[in-house]
Amino acid sequence: ILNYVKRHFLHMLFSLGDKHQGIIQTPASKTIQPGGSVTLNCTVKTGSCDGEHSVFWFRRGSRQGFLHTHRDQCKPSSPSPSCVYHLQKTNLSSVDTGTYYCAVASCGEILFGNGTELMISDEVKDQEAQIRILVWLSIIRVGILLFFLTISFFFVVVKTC
């Protein structure tokens, strides 16, 4: 697969003209409960380039490399010339958190989606708890500072009187 991607990448570097209009990846972000599932979508606007697409899904920072690949003939849907590819993730856990990308190799080009940020709700709760703790620590710090400033002020007033 890696050689295939490298070959298409080299074709992309030397290809001229805008055959594709682009890739739309949806949703932009999604928060899921542990054990839940999600479908990520990669819509390829084909422009003047129909034909076979190789679609690769990967997650930033993942040691797995490609998570899933599609290789099929694009049959654009009406009214807009586009093809939609899906990545279904089920039984999600905290290890599935991250940004997922699709990359499409077709007609001598490789196009990348903007990514979908996937968060598992337990992590969201952990982040909210950490923020609450930081806010309370800041409030306590300000309270202690005001207490010592008040004591210092009274000592200055008592000394001058």
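Modeller: Start with the largest nonpolar core, which has 17 residues; Cys-42 and Trp-57 touch the most other members. A nonpolar core here is a set of buried Ala, Val, Leu, Ile, Met, Phe, Trp, Tyr and Cys residues joined through side-chain atoms within 4.5 Å. Buried means under 20% relative accessible area, exposed over 50%, and partly exposed in between (1.4 Å probe, protein chains only). At least two residues of this core come from each of S3, strand S4 (51-59), S6, S7 and strand S9 (116-120). S3 gives the largest share, four residues. Strands are DSSP runs of E, at least two residues, and helices are runs of H or I, at least four; both are numbered from the N terminus.

A word on the basis. This is a predicted model: local features need pLDDT of at least 70, side-chain atom pairs count only at pLDDT 80 or more, and totals for chains, interfaces and linings use all residues. Residues are numbered from 1 along each chain as its sequence is written, and side-chain values use heavy atoms, with hydrogens and water left out.

Now Cys-42 itself. Cys-42 counts as buried because its relative accessibility is 0%. Setting aside neighbours within four places in sequence, Cys-42 is in contact (heavy atoms within 4.5 Å) with Ile-23, Ile-24, Trp-57, Cys-83, Val-84, Tyr-85, Cys-102 and Val-104.

One of those partners, Cys-102, is bonded to Cys-42 through a disulfide, S to S 2.1 Å. The cut-off for a disulfide is a pair of cysteine sulfur atoms within 2.5 Å. The structure holds one. This pair links distant parts of the chain: Cys-42 lies in strand S3 (residues 38-45), Cys-102 in strand S7, 60 residues apart. The link of Cys-42 and Cys-102 is right-handed, with 70 degrees about the S-S bond. Cys-102 has a relative accessible area of 0%, so Cys-102 is buried too.

Follow S7 onward. Strand S7 (residues 98-106) runs antiparallel to strand S8 (residues 109-112), and four bridges join them. Pairing requires at least two DSSP bridges between two strands. Val-104, another contact of Cys-42, stands opposite Leu-111 in S8. Two residues separate the strands in this hairpin, and Cys-107 takes a positive phi near 55 degrees there.

Ser-106 is also in S7. Ser-106 counts as buried because its relative accessibility is 1%. Ser-106 and His-53 are 53 residues apart in sequence, yet their C-alpha atoms are 5.0 Å apart in space.

Asn-91 sits in the loop between strand S6 (82-89) and S7. Phi of Asn-91 is near 50 degrees, a positive value in a residue other than glycine. Most residues other than glycine have a negative phi, and most peptide bonds are trans. Asn-91 is exposed, because its relative accessible area is 60%.

Asp-96 and Lys-89 form a salt bridge, the closest N and O atoms being 3.7 Å apart. The rule asks for a side-chain nitrogen of Lys or Arg within 4 Å of a carboxyl oxygen of Asp or Glu. It gives a count of one. Asp-96 is buried, because its relative accessible area is 11%. Lys-89, at 18% relative accessibility, therefore counts as buried as well.

Thr-26 and Pro-27 are joined by a cis peptide bond, with omega about -10 degrees. Pro-27 lies in the loop between strand S1 (22-26) and strand S2 (29-32).
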